[in-house]
Amino acid sequence: MISLAQRDIAHSLGKFLTTSAGIGMLLGVVLIMIGVYRGLVDDANVLLKDTQAQLWIAQQDTLGPFAENSRLHEDVKYQIKAFEGIKDVSALTFQNLQLYRNNQPIRVFAMGYDIHSFYTPHLLVEGRPILANHFEIIVDKKTGFKLHDEIVIGRDVFNVVGITKDAVSSSGDLMVYFSLPDAQKLQFLSSNEQIRNDRARGTKATDTTTINAVIATVEEGADLKAIGQEIERWKHVKVFTQEEQSSLLTKNLIERSAKQIGMFTVILLLVASVIISLIIYTMTMGKIKEIAILKLIGASNGEIVKMIVQQSVLLGILSFIAGMIFSHNLMDLFPKRTILMSADAFSLLVIVIIVSILGSLFGVRSALKIDPASAIGG
């Protein structure tokens, strides 16, 4: 009976393909929503993976530098390095900045690091790491800056010495990198007017030797938990493993976004299910006489049901293909990174097939009620 379904579709092929394309746009949006979520999770972990650190040391009673405000004295890095099992350390600062290119603002997330430590940006595609303590910067390719461009930030001019690719913060902002002294100056040094005002008030000047976190690597075979507990005990700081920091980023920063995206995805799937049901029902009611004739010439109810279900499943599969084409062509237009995975697409295909079968039940129910006698005399 597959030929019967095919012939019925061929009779109104334009309408069938147009309907598939319309539903496909809905499914394409579903795929993009899932891809946005995947992008959020991946963005949240890019910086963590890039550091290649095993331990994160932050201010006591905080959830780390990304979830809460964390401040430490810079010299704590030397104290951390003295612990048994610690291989190397690097002090880090983080801050949001607004850069300007051709008078257009670019929001970035700036990271300052010890240029002589184990850490260096690992996503470099052009140029070199920062070698001088002052006036050198590494930017992401999407900022539009080129090697050797000069960028005015605060009171200083920085030379672009390196270009990274797909380096983003946990919130999806493009990353830029400074030496630790330059980053501390940008973040903690007050303006001249503020300094004069503070002096007039008798306020102590802000200490610029402040950092937001320390990252550390450990000796091979060392117990991360034991080292972390020992550091917390003696230095009154909070220590996270790389896995714990990743879990915090995923749960605390994007959990609400993930729930919202999940709700939209479910709603869109329900809408697609209703549309498929209505279309199959309309198609079935539009050929009442043809179904009655089939019954009159001896076609069983099973064959009628098979024809309707096949049409519904074919509609779902064509809609899924249209959705794949739609999503892959539009994914790069979204400001947030969108990651489309084959596993997600396969799962959606299975869901679409199930929804198509369930959606055909209304049409099947109507078809089974058709009286063969109605074929005579119309």
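**Cavity, cores and helices**

Modeller: A search of the whole structure, which is a predicted model, finds one cavity of 30 Å³ or more.

Colleague: How much space lies in the largest cavity?

Modeller: The largest cavity holds about 40 Å³ of space.

Colleague: And which residues line the largest cavity?

Modeller: The lining is made up of Leu 27, Leu 269, Ala 272, Ser 273, Ile 276, Ile 351, Val 352 and Val 355. Helix 7 and helix 10 each supply at least two residues of that lining, and the largest share, four residues, comes from helix 7.

Colleague: On to packing, then. How many residues has the largest nonpolar core?

Modeller: The largest nonpolar core has 35 residues, and those with the most contacts inside it are Leu 27, Ile 304, Ile 308, Leu 315 and Leu 348. Helices 2, 7, 8, 9, 10 and 11 each supply at least two residues of this core, with the largest share, 10 residues, coming from helix 2. Apart from this core lies another, of 25 residues, among them Met 111, Ile 115, Met 175 and Ile 215.

Colleague: Back to helix 10, which residues there are buried?

Modeller: In helix 10 the buried residues are Asp 344, Ala 345, Leu 348, Val 352, Val 355, Ser 356 and Gly 359. They cover an arc of only 110° around the axis, which puts them on the same side of helix 10, whereas Ser 342, Phe 346 and Leu 358 are exposed on the other side.

Colleague: How far apart are the end C-alpha atoms of helix 10?

Modeller: They are 25 Å apart, which agrees with the 26 Å that the 18 residues of helix 10 should span at 1.5 Å a residue.

Colleague: What about helix 11, which residues are buried there?

Modeller: Gly 363, Val 364, Ser 366 and Ala 367 are buried in helix 11. Seen down the axis, these buried residues fall within an arc of 165°, so they line one face of helix 11, while Phe 362 and Arg 365 are exposed on the other side.

Colleague: Last one: is Ser 312 buried or exposed?

Modeller: Ser 312, which is found in helix 9, is buried, with a relative accessible area of 0%. Leaving aside neighbours within four places in sequence, Ser 312 is in contact with Ile 276, Ile 280, Ser 356, Ile 357 and Ser 360.

Note on methods:
Residues are numbered from 1 along each chain as its sequence is written. This is a predicted model: local features need pLDDT of at least 70, side-chain atom pairs count only at pLDDT 80 or more; totals for chains, interfaces and linings use all residues. Side-chain values use heavy atoms; hydrogens and water are left out. A nonpolar core is a set of buried Ala, Val, Leu, Ile, Met, Phe, Trp, Tyr and Cys residues joined through side-chain atoms within 4.5 Å. Buried means under 20% relative accessible area, exposed over 50%, partly exposed in between (1.4 Å probe, protein chains only). The expected span of a helix is 1.5 Å times one less than its number of residues. The arc is that of the directions from the helix axis to the C-beta atoms. Contact means heavy atoms within 4.5 Å. On a 1 Å grid over the protein atoms alone, a cavity is a set of points where a 1.4 Å probe fits but cannot get out, and a pocket is an open set with protein on both sides within 12 Å along at least five of seven lines; lining residues have an atom within 4 Å of a point. Grid points are joined across faces, edges and corners, and a volume is the space filled by probe spheres set on the points.
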